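Please look over the sequence and the structure before reading on.

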Amino acid sequence: MNSLSNLFLFSLSFKTSYTDKGKKPEGGRFLAFDHVTFWVSNAKQAASYYITRFGFEPLAYKGLETGSRQYSSHAVRLNKIIFVFEGQYNPEETDFVNEVGYHGDFVKDVAFEVENLEYILNYAKKQGAVVIRDVWEEKDEFGVVKMARLKTYGDNTHTLVDRSQYKGAFLPGYQMLQKDPIHQFLPKVEINFIDHVVGNQPDNCLEEAASWYERCLQFHRFWSVDDKQICTEYSSLRSVVMANYEETVKMPINEPALGKRKSQIQEYVEYHGGAGVQHIALNTEDIITAIEHLRARGVEFLTIPPKYYKLIREKLAHSKVKVAESIDILERLNILIDYDDDGYLLQIFTKNTQDRPTLFLEVIQRRNHNGFGAGNFKTLFESIEIEQEKRGNL
């Protein structure tokens, strides 16, 4: 059996799912991803990129004109997905300047919508979590939002957001924006919500990061694979997915494993300068239309070798699961397929969305399948290795 054939065994045999979620938290509850904040060198232009390429709409703005003297923030929205791009005005704002200079443009904060923020925060404090900012409130005519911020891996943070007493479109202090006229000339993108957010760690740091979510946020281990299961000729990884009790928030954590050459996880760690968010997965109900429209907008995706689709056709012919979508169309669009006896998922990965090879997006469609594409990790790695070779980093 050749190396590509082996990858199809992973999704059926080697992934590990965990059924013991532990004791249900008695107090607070994590509801969903609230928004993701990027620290960037030019917030206005970064927001425009996601508007024109990915179909986000302008949502809200905070800056000099609204009384914000240190930061400009441009929030964009695509259905339930909100990205916030934040830039700094003051060159003496050393934390921002140092971190953006060191990491490049990067995901700084992943915010969670929660119930009973005080309980979650106090529990995390008792477990040793570092509090970046204790509970604060922001108000406007639409109500009040309570927030608090915790440190997680690397220079990243998690903001806890309680918006139960707020009726506004985003957050107080922001000025709402009008639609961008460019959308009338471009195909509409229907992508619905954040499926998961992936963090990369240096070697031997995965367990520490995963344990932090267990200890401080009462998340549990939802799914995992290791380097004996996911590897190519050159590189491999270990991965564990952390999830809240209701499993509405999932945070996969990866680390590199020893290989003949440099893995894409290690490449990320070196160019980012440590642990950080590697990619954000966005969920859609119709991946074919979404990818056709994203390609029409100029989004670039990884290329998958044709032999992958020859083998997946052979495997699916003997599977209980029947993929409703045309395999020919999936092959034309370079969409990957993973499945088990109960269902399947379709997924595709963009090329890096900025100069450093440190951030990309995933588009995913699920059909009764809660995995993370273990059967495709090998092909994904091989496709990324082609791009690494072009960059001289393999």
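In what follows, two residues are in contact when heavy atoms of theirs lie within 4.5 Å. The model described here is a predicted one.

## Overall make-up

The protein chain holds ten helices and 18 strands, and buried residues make up 55% of its 394 residues. Among the contacts with a separation of 6 or more in the protein chain, 69% are between residues 24 or more positions apart. The chain exposes about 17,100 Å², of which carbon and sulfur atoms supply 48%.

## The annotated binding site

UniProt, in an unreviewed entry, places the feature "binding site" at His196, His279 and Glu362. Although these residues span 167 residues in sequence, no two of their C-alpha atoms are more than 9.4 Å apart, so they gather at one spot.

His196 belongs to strand β11, which covers residues 193-200, while His279 is part of strand β15, covering residues 276-283. With a relative accessibility of 3%, His196 counts as buried because the limit for that class is under 20%, and His279, with a relative accessible area of 7%, is buried as well. Leaving aside neighbours within four places in sequence, His279 is in contact with His196, Val197, Val198, Phe349, Leu359, Phe360 and Glu362, a list that includes both of the other residues named in the UniProt feature. The side chain of His279 is also joined to that of Gln278 by a polar contact of 2.9 Å.

In soluble globular proteins, nonpolar side chains tend to be buried together. Here the largest nonpolar core has 81 residues, and those with the most contacts inside it are Phe38, Phe83, Phe85, Phe112 and Ile280. Helix α5, residues 206-217, gives the largest share of this core, with seven residues. A second, separate core of 14 residues includes Ala60, Ile82, Met147 and Phe170.

Not counting residues up to four places away in sequence, Ile280 touches several residues, including Val36, Phe38, Phe83, Val107 and Ile194.

## A helix with a buried face

Helix α8, made of residues 306-316, has Tyr308, Tyr309, Leu311, Ile312 and Leu316 as its buried residues. Seen down the axis of α8, these buried residues fall within an arc of 165 degrees, so they line one face of the helix. On the other side of α8, Pro306 and Lys310 are exposed.

Methods. Residues are numbered from 1 along each chain as its sequence is written. This is a predicted model: local features need pLDDT of at least 70, side-chain atom pairs count only at pLDDT 80 or more; totals for chains, interfaces and linings use all residues. Side-chain values use heavy atoms; hydrogens and water are left out. Buried means under 20% relative accessible area, exposed over 50%, partly exposed in between (1.4 Å probe, protein chains only). Helices (H or I, at least four residues) and strands (E, at least two) are DSSP runs, numbered from the N terminus. The arc is that of the directions from the helix axis to the C-beta atoms. Accessible areas come from the Shrake-Rupley method with a 1.4 Å probe; for residues, only the protein chains shown count as cover. UniProt positions are given in the numbering used here, feature names are shortened, and annotations may be inferred rather than shown by experiment. A polar contact is a pair of N or O atoms within 3.5 Å; within protein, one must be able to donate a hydrogen and the other to accept it, and residues adjacent in sequence count only if both atoms are side-chain atoms. A nonpolar core is a set of buried Ala, Val, Leu, Ile, Met, Phe, Trp, Tyr and Cys residues joined through side-chain atoms within 4.5 Å.
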